[in-house]
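Here is a short report on one protein chain. Please look at the sequence and the fold first, then read on.

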Amino acid sequence: MKRITIIALLAVTVTLSASAQELRYGVTAGADITLPGKQFDSRVGFHIGAKMEMGFPSIAEGLFLDATLSMTQKPMKGSWGISSYGEIDPVYIEAEQTLTPTYLQLALQPAYRFGIGNGFGLFVKGGPYVATGIFGNSKVKWNASDGTHGSDKEGVFKHAMNRFDWGLGVAVGAEFGKHLQFTVGHDWGLKKLDKNGVSNLKHRVLSLSLAYMF
């Protein structure tokens, strides 16, 4: 199912690019600010990648499809406490977990550009994304009330998080000189991330991006 979804989106991209009347290519990079909610705290990650804009002026002037393939890190940090019972007295354990999942992500977003003049324009876009995890760590540090402490580290997709993710994203942006773009976007993940099925954790990401179109 995962491979079928990714292949389907790639096929759509290739088909549309073949019929597009205008093509532009560029590179993009920026910050990803995770907004995981109550279970974990926000952290700042990054994204870097390439993008292609496919224009369809015969349908509507300003209409295009934004296809972006990027490596994106979506970190988060959480803490909790548990009580366990030793041989004599109860022991309280405080634990802190840091997750740094990094994905290869493909986003396909229909978009519309509003030309203002003098090379300046505004645009809006929105659509689906799919992502597959490529690397990252899960680090756990703990301290117990009896004075013991320790830490563990393993691949984040081994036991902590599901490797595959998908969702929807929207963004607004500005273009300067027909080359430089600044974009603010928000992604809503639709896939539950907890590999053990205990929580309803999903990706919520605010992104700030700079792109240069050739």
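Two strands pair if DSSP finds at least two bridges between them. Strands (E, at least two residues) and helices (H or I, at least four) are DSSP runs, numbered from the N terminus. By that rule, β1 and β13 pair in the antiparallel sense over 9 bridges. Within this pairing, Gly26 stands opposite Met213 of β13.

This is a predicted model, in which local features need pLDDT of at least 70 and side-chain atom pairs count only at pLDDT 80 or more, while totals for chains, interfaces and linings use all residues. Residues are numbered from 1 along each chain as its sequence is written, and side-chain values use heavy atoms, leaving out hydrogens and water.

**The chain as a whole**

The chain holds 1 helix and 13 strands. In sequence order the pattern is α-β-β-β-β-β-β-β-β-β-β-β-β-β. Of its 214 residues, 41% count as buried. Buried means under 20% relative accessible area, exposed over 50%, and partly exposed in between (1.4 Å probe, protein chains only). A contact means heavy atoms within 4.5 Å. Among contacts in the chain with a separation of 6 or more, 64% are between residues 24 or more positions apart.

**Strand β13**

Strand β13 covers residues 204-213. Its covered face carries Val205, Ser207, Ser209, Ala211 and Met213. Its uncovered face carries Arg204, Leu206, Leu208, Leu210 and Tyr212. Strand β12 (residues 180-189) also runs antiparallel to β13, joined by 9 bridges. There, Val184 has Leu208 as its bridge partner.

**Cores**

A nonpolar core is a set of buried Ala, Val, Leu, Ile, Met, Phe, Trp, Tyr and Cys residues joined through side-chain atoms within 4.5 Å. The largest one has 13 residues, and Leu99, Tyr103, Val156 and Met161 have the most contacts inside it. The elements giving two or more residues to this core are β7 and β8 (120-135). A second, separate core has 9 residues, including Met52, Met54, Leu65 and Phe164.

**Aromatic pairs**

Rings of Phe, Tyr and Trp (its six-membered ring) pair if their centres lie within 6.5 Å; planes under 30 degrees apart count as stacked, over 60 as edge-to-face and the rest as tilted. The whole structure has 5 such pairs. Two of them are listed here.

| Pair | Centre to centre | Angle between planes |
|---|---|---|
| Tyr103 and Phe157 | 5.6 Å | 70° |
| Tyr112 and Phe114 | 4.9 Å | 65° |

Tyr103 lies in strand β7, and Phe157 in the loop between β10 (149-155) and β11 (164-176), 54 residues apart. Tyr103 is buried because its relative accessibility is 0%. Phe157 is buried too, at 6%. In the other pair, Tyr112 is partly exposed at 32%, and Phe114 is partly exposed at 43%.

Where is Pro36 placed? Pro36 sits in the loop between β1 (22-34) and β2 (41-42). Pro36 counts as buried because its relative accessibility is 11%. Its C-alpha atom is 7.0 Å from that of Leu201, 165 residues apart along the chain.

Arg113 is in strand β7 (residues 102-117). Its side chain makes a polar contact with the side chain of Glu53, at 2.8 Å. A polar contact is a pair of N or O atoms within 3.5 Å; within protein, one must be able to donate a hydrogen and the other to accept it, and residues adjacent in sequence count only if both atoms are side-chain atoms.
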